[in-house]
Amino acid sequence: MGKRVIKRVLSVMLCAATLLCFGGCFGHKPKPSPVSGGTVDKTDYDAPKVIKSKEITDFYASFFLYDKRLGGWEGNSYSFKVCKNDSGVLTATEEKTKISVPADEKFLNALQEIIDEQKLVQKNGICKYTSGLAPAFQPCRLTVNYASGEKLTFTENNNPEAEWAQKIHLEFAKLFSENGNDTLLPKEETEITTESQP
């Protein structure tokens, strides 16, 4: 009699353990992290390729650029943004160096000219990149909001020599230089500025 009870108890325990295992299998699964070398594609194929507004309200760009002064494959990553600060003042910032200066409509117009010239709206909605690449090729991002409610945004594998990124970097570097900080100004630009001073 005792052996039967023990067998039943063991049987019930085995069933319970099996159910728990299956419950874990059929429960919420954690989202798999991107595999190194795998492609992530969250592109919005319906994103508009025409933006009527030219009035930027806020701007964000992050990318890696080779530094010609360092030579080879060396360079730096940058995160630029323009938005109103807590006091309501339009401010341009480079987040890694913590450089922050007042911006104005003229500066926003210069950024819009780069967007138009480089036809960046054609990239609107793209969110496609490869995981696990070297820093120079990890995802770059651009997000621009407009007064009309329109939005330009894309994320893709970085090109450390991209012309659009170089132009945006230079525009911010010039603004910072005008406000007394030459940190991001390329050497050749610094030399030109110095030579032009009386």
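Predicted model: local features only at pLDDT ≥ 70, side-chain atom pairs only at ≥ 80, totals over all residues.
In what sense, parallel or antiparallel, do β6 and strand β8 pair? Residues are numbered from 1 along each chain as its sequence is written, and side-chain values use heavy atoms, with hydrogens and water left out.

The chain has 4 helices and 8 strands, taken as DSSP runs of H or I with at least four residues and of E with at least two, numbered from the N terminus.

Now to the pairing, for which DSSP has to find at least two bridges between two strands. β6 pairs with β8 (residues 151-157) in the parallel sense over 2 bridges, and Lys128 has Glu156 as its bridge partner in β8. Strand β1 (residues 39-41), by contrast, runs antiparallel to β6 (residues 127-130) and is joined to it by 3 bridges, with Tyr129 of β6 as the bridge partner of Val40.

As for burial, 34% of the 198 residues in the chain are buried, that is, under 20% relative accessible area with a 1.4 Å probe, protein chains only. Among the contacts with a separation of 6 or more, 63% come from residues 24 or more positions apart, a contact being heavy atoms within 4.5 Å.

I will close with helix α3, residues 163-178, which together with α2, residues 105-117, gives two or more residues to the lining of the second largest pocket; the largest share, 4 residues, comes from α3.

Key
Buried < 20%, exposed > 50% of the residue type's maximum accessible area, 1.4 Å probe, protein only.
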